[in-house]
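The sequence and structure come before the discussion.

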Amino acid sequence: KVVVLMLSGGGSSGSHASGNSSGGKGGSSAPPTQQDGIAVLDVDVSARRDRLARLVVDTDELREVRMMYRLVSAQLHTAVEEERYMDAARARDRLAELRACDPLMRHEDLSKQLKHALDKEDYSLCAAVRDELREVQVRLPHYRLRGKWGGVYGANGVQRVEITVEDGQLVATKITGDSNVPAGQITFKADVSLDGMIEMPKPGGKVDPIAKALSQFANLKVKQRFHGVGQVANPGFVMPQWVPGELIVFEEDVIAFVWKPLSFMVVFERLHDL
């Protein structure tokens, strides 16, 4: 399906004080132990189950967690500037709890912990972090996007792409192509890290043009949106170039990519039979 659009990290507190705050989901929890600025993972199996149980996967709840994270980050910055270090410590601990609820933040924290453990040659810890990292990954919508997808590229017809995800970068490569961008070439890329995430519009708030266009899909709920770039070229793959774009992840096995300057969107469905 093709649609033409009508387009008109938590900081360090710098505090010398310490403090605990009650947790959010799952009850109270102490902030993680720090070593060389990196949170030390509790490798106990039951503790890992508890951490996984605290992860929020519902889209609306995730939006609330991320809004709260931005609010507490601002409170932390203000507290440090005003030298209210006990307040800063509480805000720091609250940020750690919120990061533990967000699968994407948790994934980034675990990735840092894995690198730190590798640098220390602590391979037992590496194994524990790797196992938890894999369990967190399956809770990330964009990590489940690996595989083959099909979409209609306007007059060029149905085309198949294969999506890979590596280190926060999603890449869609054409299996079948056209005279503009042939098979084997990348059709779009997206930054699926925290930096690439696009804030979801608040209910009742200002709606951007893409969100307005997406409202036509009444039976599909948008889970996440990410900044990206799409490839365009003249026939014969002449003068290829990258243009700003956006990846939209829906609730089911449906995604879309928007080539913004062209006001052009292709909706892809997962190909289960390949």
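## Strand pairing around E8

Asn-234 has Val-238 in strand E9 as its bridge partner. This is a predicted model, in which local features need pLDDT of at least 70 and side-chain atom pairs count only at pLDDT 80 or more, while totals for chains, interfaces and linings use all residues. Residues are numbered from 1 along each chain as its sequence is written, and side-chain values use heavy atoms, leaving out hydrogens and water.

Strands (E) are DSSP runs of at least two residues, numbered from the N terminus; two of them pair if DSSP finds at least two bridges between them. The pairings of E8 (residues 222-234) are as follows.

| Strand paired with E8 | Sense | Bridges |
|---|---|---|
| E7 (residues 186-191) | antiparallel | three |
| E9 (residues 238-250) | antiparallel | eleven |

E8 and E9 form a hairpin with three residues between them, and Gly-236 in the turn has a positive phi of about 85°. Ten of the 13 residues of E8 are buried, so this strand is largely enclosed by the rest of the structure; buried means under 20% relative accessible area with a 1.4 Å probe, protein chains only.

Gln-159 lies in strand E5 (residues 158-166) and is buried, with a relative accessible area of 1%. Its side chain makes a polar contact of 2.6 Å with that of Asp-178 (a pair of N or O atoms within 3.5 Å, one able to donate a hydrogen and the other to accept it; residues adjacent in sequence count only if both atoms are side-chain atoms). Beyond its neighbours within four places in sequence, Gln-159 is in contact with residues including Trp-149, Tyr-153, Lys-174 and Thr-176, where contact means heavy atoms within 4.5 Å.

Key. Buried < 20%, exposed > 50% of the residue type's maximum accessible area, 1.4 Å probe, protein only. Helix = DSSP H or I, 4+ residues; strand = E, 2+ residues; numbered from the N terminus.
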